[in-house]
Amino acid sequence: AALLLTCGHLFRTSEGKGPIEVTFYQATPAGAQVRETAPGQLLNYDLERDLALVIVRPQAPVKALPIAPLNTPLVPGARVTTVGCNGGDNPTAIDTQITTIDRYQGPPNVEVAGAPVEGRSGGGLFNETGQLIGVCFAADPQSNEGLYASLPSIQAKLDSLNLAMVYQAPATQVAANPAISPAPVAEAPPQNVAIRGQDELVDRLPDEFAKVAAPLAPRQSLSMSEQAALEEIQSRGLKSEVICIIRPYDPAGKSEVITLNNVSPQFVNSLAQPPASPPLRSPATAAAGQLLR
C-alpha cells in the first residue's frame, strides 16, 4: 500500500466519511498523463495543521518521494518546486523560492513566491534535492504567495500517528497491493471556527441571508475597498468560509489566519459599525486569504 500526504481541509465538508478516489500519473514527453485510478481510505485528517494521510493500493508499483529529515533548514531565498493540478488539470511542477518562514501563527508554515491557483491544494513543496518540505493549503493573492504546511508540522503529524519511520527511512519503491490491513481512520471533529478550509462558493445572495441582513449602506468612515469587502462577505459569507490574514506592520510580528464558517448576517453588519472601544491589537493590514481545493 502507498501512504499519501495531502491537505486536511479537503475532508472538512465530508468529515472524512465520503469516498476517495486517487489518480496516479506517469511522466510522458507530453507531460504528466493519467496512469490509473484507485480507491483510497482516509487514515487521518487534521484541520489545525491542515494535513491528511490517505492509504491507497495502486495496481502498479509507485516510487515514494522522501520527506526531508529532521533539522533540514528552510530559509528565505531557497529554490523550491511546487507540484499541483491547476483547476483539476494534470499535475505540473513550478519552480519558485521560499519567501518567509512561520509568518502565520499556529502550526509551522512556509510561504513561497507565486499564489497557487484553485486545484493545487494538497500538492507538495520540494527542495532542490527532491525532498518534501511542505503541503499547499492556501494562497495569498495580495502578496502573490502560496502558503504551505511546513516540514516541522508534517513530521509532528507523523510522530503523533507513530509513523516517524516514514521520514526517518529512505524512500523506496512501493509494491502494488501488498497484503496489509489499513489502520483505522482517526477523524477530526467538525468545527464552526477553524484555521483553514473552504466550502463551495455561491454566486448570489442566499435567501436565508437576505431575509435577515439589511443591505449595507455606504458609511462615510469606510473606504471604497472596505465597503466592497463587506458587500462581498455579505453576498457569499453564509455558505462559504470568510478568511482574513492579519499582518502586523512590524516585520518581526507574526501574521494570523482567521477563518470563520458560515458567518451570520449579524457578524457582517457588525463589521460596518465603529468599534465600541479602541482595538487591543496593534495596527495591522487585512488581506483576503484564499484556501484552495
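β2 and β3 form a hairpin with two residues between them. Strands here are DSSP runs of E, at least two residues long, numbered from the N terminus. The model is predicted: local features need pLDDT of at least 70, side-chain atom pairs count only at pLDDT 80 or more, and totals for chains, interfaces and linings use all residues. Residues are numbered from 1 along each chain as its sequence is written, and side-chain values use heavy atoms, with hydrogens and water left out.

β2 covers residues 20-28 and β3 residues 31-46. They run antiparallel, joined by nine bridges. Two strands count as paired if DSSP finds at least two bridges between them. Within this pairing, A27 stands opposite A32 in β3.

Phi of E15 is near 55 degrees, a positive value in a residue other than glycine. E15 is partly exposed, because its relative accessibility is 27%. Buried means under 20% relative accessible area, exposed over 50%, and partly exposed in between (1.4 Å probe, protein chains only).

N144 lies in another loop, between β10 (132-140) and β11 (145-150). Phi of N144 is near 55 degrees, again positive in a residue other than glycine. N144 counts as partly exposed, because its relative accessible area is 45%.

G87 belongs to the loop between β6 (79-84) and β7 (92-101). It is exposed, because its relative accessible area is 61%. G87 and V117 are 30 residues apart in sequence, yet 7.1 Å apart in space, C-alpha to C-alpha. Leaving aside residues up to four places away in sequence, G87 touches E118 and G119. Contact means heavy atoms within 4.5 Å.

Note on methods: Helices (H or I, at least four residues) and strands (E, at least two) are DSSP runs, numbered from the N terminus.
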